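Let's take a walk through this protein together, from the overall fold down to a few side chains. Please open the structure and keep the sequence at hand.

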Amino acid sequence: MAAGTTVDHLTETYRAHYRSLLGLAALLLDDTASCEDVVQEAFIRVHSARNRVREPEKTLAYLRQTVVNLSRSALRRRILGLKLLSKPMPDMASAEEGAYDQLERDALIKAMKGLQRRQREVLVLRYFADMTEAQVAETLGVSLGSVKAYGSRGIAALRVVMEAQT
């Protein structure tokens, strides 16, 4: 077999990292079904291109990048759909249905959605996916300095929005 990621290695990567990749997609998208679709599609694409992954230890990084890219594509399709079809806003949940922490989480998600795309991606990869700044830079294809700048500006913007709500 040609050099690359083996099916066995990809299977082990799936078992070990499916949940973390699903969590990554969940922070970039907003519904479970889309997240599952994105992660499954990422594994399918890596499986199809496994002979091109020259270093098997980089399989996870390749998967993360694929999840981020597919999430972006899904969001672009949704935005186009929203522009073409206006949908009514969903009803707000009653106060009895939600707990304080859920409200705070919703506020954080809303604040995250208000960030620039790169700021949001850096914060999700850095703090949810627990990647180093260097790994985030490699995944997004930007410099280490850009990761630091996007992260710093993103946190500052979140702080302003969250403090304004209290």
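This is a predicted model: local features need pLDDT of at least 70, side-chain atom pairs count only at pLDDT 80 or more; totals for chains, interfaces and linings use all residues.

**The overall fold**

The protein has seven helices and zero strands, so to read the elements from the N terminus on is to read α-α-α-α-α-α-α. Of the 166 residues in the protein, 34% are buried. Among contacts with a separation of 6 or more, 68% are made by residues 24 or more positions apart.

**The nonpolar core**

In soluble globular proteins, nonpolar side chains tend to be buried together. Here the largest nonpolar core has 34 residues. Those with the most contacts inside this core are Leu21, Leu24, Val39, Phe43, Val67, Leu125 and Val136. At least two residues of the core come from each of α1 (7–28), α2 (32–48), α3 (59–84), α4 (100–113), α5 (117–128), α6 (133–140) and α7 (144–164). The element that gives the most is α1, with seven residues.

Why does the core lie between domain 1 and domain 2? Domain 1 (1–86) and domain 2 (98–165) both give residues to this core, so the core lies between them.

Leaving aside residues up to four places away in sequence, Val67 touches Leu21, Leu24, Ala25, Val38, Val39 and Ala42.

How many aromatic pairs does the structure hold? There are two aromatic pairs, listed here:

| Pair | Centre to centre | Angle between planes | Arrangement |
|---|---|---|---|
| Tyr14 and Tyr18 | 5.0 Å | 40° | tilted |
| Tyr14 and Phe43 | 4.9 Å | 70° | edge-to-face |

Tyr14 and Tyr18 are four residues apart in helix α1, which means that about one helical turn separates them. An α-helix has 3.6 residues a turn, so residues three or four places apart point the same way.

Tyr18 is buried, with a relative accessible area of 18%, because buried means under 20%. Phe43 has 7% relative accessibility and therefore counts as buried. Phe43 is also one of the residues with the most contacts inside the largest nonpolar core.

**A look at α5**

Helix α5 has 12 residues and reaches 16 Å from its first C-alpha to its last, close to the 16 Å expected at 1.5 Å a residue. Within α5, the buried residues are Arg118, Gln119, Arg120, Glu121, Val122, Leu123, Val124 and Leu125. Just after α5 comes Asp130, with a positive phi of about 55°.

**A last stop on α2**

Back in helix α2, you will find Glu41. At 30% relative accessibility, Glu41 counts as partly exposed. Glu41 and Leu63 are 22 residues apart along the chain, and their C-alpha atoms are separated by 9.9 Å.

Terms used. Residues are numbered from 1 along each chain as its sequence is written. Side-chain values use heavy atoms; hydrogens and water are left out. Buried means under 20% relative accessible area, exposed over 50%, partly exposed in between (1.4 Å probe, protein chains only). Contact means heavy atoms within 4.5 Å. A nonpolar core is a set of buried Ala, Val, Leu, Ile, Met, Phe, Trp, Tyr and Cys residues joined through side-chain atoms within 4.5 Å. Domain bounds come from an automatic or database domain assignment. The expected span of a helix is 1.5 Å times one less than its number of residues. Rings of Phe, Tyr and Trp (its six-membered ring) pair if their centres lie within 6.5 Å; planes under 30 degrees apart count as stacked, over 60 as edge-to-face and the rest as tilted.
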